[in-house]
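Have a look at the sequence and the coordinates before reading on.

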Amino acid sequence: MSITIDAHQHFWQLSRPFDYRWLDAPALAPIRRDYLPADLEPHLRGAGVAKSIFVQTQHDLEENRWVLGLAEQHDFIAGVVGWVDLASEACEEQLLELKRHRKFVGVRHVTQDEPDDDFIVRPDIIRGLRVLEKHGEPFDLLFYVNHLRHVPALARQVPSLPMVIDHLAKPRIRERRMDDWLPQFRAAAAFPNVYCKLSGMITEADWGRWTVEDLKPYVQAALDLFGPPRLMFGSDWPVCELAGSYGRARDALVEALGPLGEAERGQVFGGTASRFYRLPP
């Protein structure tokens, strides 16, 4: 049986020379403080989670170096999803630096914040994604619903690049909307190199009043379309703390998934992440 892996968490330290201005939003005041491995580890133990995957927050090579250093000090950090400048001629050089670290497992770009909604399909970005494809390095898709339409084009242009949609592309759970999300989500799921993280849902719901019933339609759609072999649990800690504790976020997903066999549950809660990010046994 596979160990339980949290496929999506973050660290930040406000004294570091990174761009944390996004945390200045008044609604994010509760999480505008340092979050480091010593803060996460008790939550993992309490929820029976053995390992976690850090996912970048900065378009800054120094964050890669900082967190890879943390990962060397903490065994529970199984992997680091970092950042490279996909548009740069130096993209491959930056990637090769990361590949020297045993816990580097993939790349992400904060696509959702790009002013250009078509950023991810620009020719220079596709060139960068082909560098990842060449080296077999997975890519996290941080999308809003309006970006999902690009997944089929991406999947066709880089067919050997494993890609994972973070947070189900942030459907409008608070508004209980699926009409603008489900057709594009279904189209994305048709491509075998595209996976999905069951993460970030409680912060897309009503932070103070959400219930498991609010999450179920989205979780069940993901289960039907992707199946356990292409789904992975992620806490999105510490962002999840805006709407609930680490344990509550995990327990809500367990309940929303409904009855699964042991093998299927093992895939969602560890097996898929282990395969996708090529973690050592």
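## Ground rules

This is a predicted model, so to speak, with cut-offs attached: local features need pLDDT of at least 70, side-chain atom pairs count only at pLDDT 80 or more, and totals for chains, interfaces and linings use all residues. Residues are numbered from 1 along each chain as its sequence is written, and side-chain values use heavy atoms, with hydrogens and water left out.

## The enclosed space

Searching the whole structure turns up one cavity of 30 Å³ or more. A cavity here is a set of points, on a 1 Å grid over the protein atoms alone, where a 1.4 Å probe fits but cannot get out; lining residues have an atom within 4 Å of a point. The volume of the largest cavity is about 110 Å³, where volume is the space filled by probe spheres set on the points, and grid points are joined across faces, edges and corners. It has 15 lining residues, and Ser-199, Gly-200, Met-201, Gly-234 and Ala-249 are the closest to its centre.

Helix H8 (residues 246-257) contributes the most to that lining, with three residues. Helices are DSSP runs of H or I with at least four residues, strands are runs of E with at least two, and both are numbered from the N terminus. By type, the cavity lining has eight nonpolar, five polar and two charged residues. For that count, Ala, Val, Leu, Ile, Met, Phe, Trp, Tyr, Cys and Pro are nonpolar, Asp, Glu, Lys and Arg are charged, and the others, Gly among them, are polar.

## The open pockets

A pocket is an open set of grid points with protein on both sides within 12 Å along at least five of seven lines. The largest pocket comes out at about 700 Å³. Its lining has 26 residues, with Trp-22, Val-110, Gln-112, Asp-113 and Lys-170 nearest the centre, and it splits into 10 nonpolar, nine polar and seven charged.

The second largest pocket has a volume of about 300 Å³. Here 16 residues form the lining, and Lys-51, Ala-78, Leu-279, Pro-280 and Pro-281 lie nearest the centre.

## Charged pairs

How many salt bridges does a search of the whole structure find? The count is 21, a salt bridge being a side-chain nitrogen of Lys or Arg within 4 Å of a carboxyl oxygen of Asp or Glu. Take Glu-137, which pairs with Lys-99 at 2.7 Å, N to O. Glu-137 sits in the loop between helix H4 (123-135) and strand S5 (139-141) and Lys-99 in helix H3, so this bridge ties together parts 38 residues apart in sequence. Glu-137 also bridges to Arg-278, with the closest N and O atoms 2.8 Å apart.

Glu-137 is buried at 2% relative accessible area, while Lys-99 at 34% and Arg-278 at 42% are partly exposed.

The side chain of Asp-6 does make a 2.8 Å polar contact with that of Tyr-246. A polar contact is a pair of N or O atoms within 3.5 Å; within protein, one must be able to donate a hydrogen and the other to accept it, and residues adjacent in sequence count only if both atoms are side-chain atoms.

Trp-237 and Pro-238 are joined by a cis peptide bond, with omega about 5°. Pro-238 is in the loop between strand S8 (231-233) and H8.

Leu-168 is not a glycine but has a positive phi of about 55°, and Ala-169, not a glycine either, has one of about 65°. Leu-168 belongs to the loop between strand S6 (163-165) and helix H6 (182-189), and Ala-169 is in the loop between S6 and H6. Leu-168 is buried at 0% relative accessibility, and Ala-169 is buried at 0%.

Definitions and conventions:
Buried < 20%, exposed > 50% of the residue type's maximum accessible area, 1.4 Å probe, protein only.
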